[in-house]
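Biologist: I would like to learn how to read a protein model. Can we go through one together?

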Amino acid sequence: MAATASAGAGGMDGKPRTSPKSIKFLFGGLAGMGATVFVQPLDLVKNRMQLSGEGAKTREYKTSFHALTSILKAEGLRGIYTGLSAGLLRQATYTTTRLGIYTVLFERLTGADGTPPGFLLKALTADGRLPADQRRGYKNVFNALIRITREEGVLTLWRGCIPTMARAVVVNAAQLASYSQSKQFLLDSGYFSDNILCHFCASMISGLVTTAASMPVDIAKTRIQNMRMIDGKPEYKNGLDVLFKVVRYEGFFSLWKGFTPYYARLGPHTVLTFIFLEQMNKAYRRLFLSG
């Protein structure tokens, strides 16, 4: 994201002129939403793979391709876009906030001579799988919010809050810091200039790092949000209980179950998000700050 602070007319403090904070937040949300439209089918496959074999039962899907073809056969083309409205709402809130804050802090911590902050500062800054008679049949995200509140209680909306926060910490620290660091490394190598190729390569590296770091907490989040009540008690006590049971009953490497669709989803999502963001920032500087 060094490009967000690239050259323009100088300000009073010697740093380049930059877009208003509101524009940074707007572009962050739009970039995330645009990327989500393209990768939603991969996100659905990732979730189904993580839930496959839950509770030591036979896995529903052998591979990511098997999961994709099974969903298409059972639910049709629209089935692979199940949850798109929820994904867009999440990006409009979560990604708007995280990328907006990160961009603001990145620029503030960048030196007057353009020196970027160090790595540590960067780091600090599933319904369709059920039988037909058990499906909840949510029409869209707003219908889901209303029905969950009415049928299961408002607190159900916060089920899995702790592992979700843990995942957010890991994803943001890994993704944002590794993208900036990878981009800086590529630019310093002398083989890349600040263009789409550089952004693509840095994003793919970031996606790989983020996938490896965040999958265990992501599978804990997914299992808790989809857990059943057994004899009146929740299936899992907390995220650590999920991880313990996964390792015990499914094997240690099951913590990275669905790695391929997860990376196939997170990699392109990271690439598209940062490319969209960089291009919107460049267009804004060209149209409004170049004078």
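Modeller: We will take the elements, then the surface, then a pair of helices. Keep in mind that this is a predicted model.

Biologist: How many helices and strands are in the protein?

Modeller: Nine helices and two strands. Read from the N terminus, the order is α-α-α-α-α-α-α-β-β-α-α.

Biologist: What share of the residues is buried?

Modeller: The protein has 291 residues, and 42% of them are buried. The accessible surface is about 15,200 Å². Carbon and sulfur atoms hold 66% of that surface.

Biologist: Which residues make a nonpolar surface patch?

Modeller: Leu89, Phe142, Leu145, Val154, Leu155, Leu157 and Trp158 make one of about 700 Å².

Biologist: Let me pick one residue. Where is leucine 157?

Modeller: Leucine 157 sits in a loop.

Biologist: Is leucine 157 exposed, partly exposed or buried?

Modeller: Use the cut-offs: buried is under 20% relative accessible area, and exposed is over 50%. Leucine 157 has 33% relative accessibility, so it counts as partly exposed.

Biologist: How do I describe two packed helices?

Modeller: Give the angle between their axes and the distance between the axes. Here, take helix α1 (residues 21-51) and helix α3 (residues 84-109). Their axes come within 7 Å and cross at roughly 140 degrees. That angle makes α1 oblique to α3. Roughly antiparallel would need an angle over 145 degrees.

Biologist: Is the crossing of α1 and α3 left-handed or right-handed?

Modeller: Right-handed.

Technical notes:
Residues are numbered from 1 along each chain as its sequence is written. This is a predicted model: local features need pLDDT of at least 70, side-chain atom pairs count only at pLDDT 80 or more; totals for chains, interfaces and linings use all residues. Side-chain values use heavy atoms; hydrogens and water are left out. Helices (H or I, at least four residues) and strands (E, at least two) are DSSP runs, numbered from the N terminus. Buried means under 20% relative accessible area, exposed over 50%, partly exposed in between (1.4 Å probe, protein chains only). Accessible areas come from the Shrake-Rupley method with a 1.4 Å probe; for residues, only the protein chains shown count as cover. Patches are made of residues with over 30% relative accessible area and no salt bridge: like charges are joined within 9 Å, nonpolar side chains (Val, Leu, Ile, Met, Phe, Trp, Tyr) within 5 Å. A salt bridge is a side-chain nitrogen of Lys or Arg within 4 Å of a carboxyl oxygen of Asp or Glu. Axes are lines fitted to C-alpha atoms, for helices over the stretch in contact, and angles run from 0 to 180 degrees between N-to-C directions. Angles under 35 degrees count as roughly parallel, over 145 as roughly antiparallel, 65 to 115 as roughly perpendicular and the rest as oblique. A crossing is left-handed if the near helix is turned anticlockwise from the far one by less than a right angle, and right-handed if clockwise.
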